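Dear colleague,

I am handing over the structure below for your records and review. My notes on what was found in it follow directly after.

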Amino acid sequence: MAFFFYTSWNLTENLRSQLIKRLATLLIFSSFFFYNLSACNVICRVNLNLSIGNNGYSVVTPGLLLVDNDCDPLDFRVELWDSYNVNHGDTVMCHHIGQTLSAKVIRISDNNYCTTQITIYDNLSPLISCSDTTLNCGNDISPLALGYPSVMDNCTNLTSADLSFVDIPTNYSCGFVDNGDTLNALIERRWTAVDSVGNQGTCIQWIRLKKSYLSDVQMPPNLDDTQLPAIDCQSDPTDLSLTGFPNINGLPLNAGNFCDLAADYSDQQLNICGAGYLILRTWTLADWCTGDLETHVQFIKVADTLAPIFTCPQDITVSTLVNSCHATVNLPTTTATDDCSAVIINPVWQFGTGFGPFNNVPLGTYPVTYSATDACGNVSTCQIFVTVADQIPPQVICKQFLQVSMGFNGEAYLPAASLDAGTYDNCILDELLISRDGINFSNNLLLTCQDIPNSPLV
């Protein structure tokens, strides 16, 4: 570095002396400054690993990257570049985990720099906070009842669904007392949370189970259509999930609840109707530790509560008899099914009950109601219609020979009735008609002289 200055020899000796001293001081200071810059070797460490911090980010400082401790970090800045040549400043975030970034340390004064590679990791485990609890045995100890630990992680958004646990129970003998409580068991619940890169955090929740007594047990309700509805006869009364079990706070009393309480039952059956019956279920409860016993009778009615199922017959039409304007009707049969009992099917209409035969049923359309009744009085019904119709054609009897005289005008009318020789019908004859061709009918047939050679009566 060169310094240029100009001075005049006309200055006084004193002024020249002061100016020379000040220039000397400036030269000494400049030499010291540039000596310090040259003492800092801008050299980067090689291939660093960096973990994301607690807050989900980490700032990369010059001091982390420079080898030479004589370098002042304040004289430098850091730039981080990814594989797409994007500058991320000096801060790495959670989304950089698993990436290798190029780090550039630049001296601010002269832009002298060095580079290295930084691989980003997450080495921090999730933080879990557990809470201990004490409750009576038989209570629900599931996480849904007791709650889940709180969990936090620097990069993964963890919820209760990301937690798992293992229970390690310790059973105590009868009469074990801890801090004034008689305990049946102590459960060590070990919780684990795993973040997105496999880091694990754990905590232990202690669950103290105090002893419960027979007075704490709730008995199953009666299923008798009074306290609760009866069960259907298709159901299994030995299914305790259906009929109930002695419980504490809704949880069945059994060997898995650490209560030292036991329950068993015996059944007595009384028939009611059809396949229905009443069960007298006698429950016996025992306290293993105190030797206390209690009994309770539960009423379970197994009933046929559903009506039979059947398909209604189709509507029918019945013809009258050949020699009568009435019909003999037999109603169609059908079958029914029932969940428990035998079924009786019975049709009813204005002419009586049952399937028939029903005689002398006149012309008309009549409703018939079918009912299917099981042994316990459950009924299903449906309706059909029966139509009695005259389906017998009239018996036509004609005269064999008939003479017709022509009038003065050469025409004659032949009434249809003049050919009748005793035509009859089982019901009522509406009319007699005559036709030449069997298609076009009328009450009278017009005859002319043209008909004489052909004699239409033959």
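Throughout this message, helices (H or I, at least four residues) and strands (E, at least two) are DSSP runs, numbered from the N terminus. V194, for example, has its place in strand 12 (residues 181-194). The model is a predicted one, in which local features need pLDDT of at least 70 and side-chain atom pairs count only at pLDDT 80 or more, while totals for chains, interfaces and linings use all residues. Residues are numbered from 1 along each chain as its sequence is written, and side-chain values use heavy atoms, with hydrogens and water left out.

To stay with V194: the residue counts as partly exposed, at 35% relative accessibility. Here buried means under 20% relative accessible area and exposed over 50%, with partly exposed in between (1.4 Å probe, protein chains only). Leaving aside residues up to four places away in sequence, V194 touches P126, L158, D162, N199 and Q200, where contact means heavy atoms within 4.5 Å. From C-alpha to C-alpha, V194 and T61 are 30 Å apart in space, and 133 residues separate them in sequence.

Disulfides

How many disulfides does a search of the whole structure find? The search finds nine, a disulfide being a pair of cysteine sulfur atoms within 2.5 Å. Three of these pairs are described here.

The sulfur atoms of C137 and C259 are 2.2 Å apart and form a disulfide. This link of C137 and C259 is right-handed, with 130° about the S-S bond. The pair connects distant parts of the chain, 122 residues apart: C137 is in the loop between strand 8 (133-136) and helix 3 (143-146), and C259 is in the loop between strand 16 (251-252) and strand 17 (261-271). C137 is buried, at 0% relative accessibility, and C259 is likewise buried, with a relative accessible area of 1%.

C174 is joined to C289 by a disulfide with an S to S distance of 1.9 Å. The link of C174 and C289 is left-handed, with -70° about the S-S bond. Distant parts of the chain, 115 residues apart, are linked by this pair: C174 lies in the loop between strand 10 (163-171) and strand 11 (177-178), C289 in the loop between strand 18 (277-287) and strand 19 (293-303). C174 is partly exposed, with a relative accessible area of 46%, and C289 is partly exposed at 27%.

A further disulfide joins C325 to C427, with 2.0 Å from S to S. Its torsion about the S-S bond is about 105°, so the disulfide of C325 and C427 is right-handed. Because C325 lies in the loop between strand 21 (316-319) and strand 22 (326-329) and C427 in the loop between strand 29 (411-415) and strand 30 (444-448), the pair ties together parts that are 102 residues apart in sequence. C325 counts as partly exposed, at 22% relative accessibility.

Not counting residues up to four places away in sequence, V92 touches L50, I52, G56, Y57, S58, V60, L80, L101 and I120.

An open sheet of four strands has the order 1-6-5-3 and mixed pairing; two strands pair if DSSP finds at least two bridges between them. Strand 1 and strand 3 stand at the edges, each with a single partner strand, so one side of each is left without a neighbour in the sheet. Strand 5 and strand 6 pair in the antiparallel sense over seven bridges. The bridge partner of L101 in strand 6 is I118.

An exposed loop residue

T335 is in the loop between strand 22 and strand 23 (336-337). This residue, T335, is exposed, with a relative accessible area of 64%. Residues up to four places away in sequence aside, T335 touches F310, T311 and I345. T335 and F310 are 25 residues apart in sequence and 6.2 Å apart in space, C-alpha to C-alpha.

With kind regards
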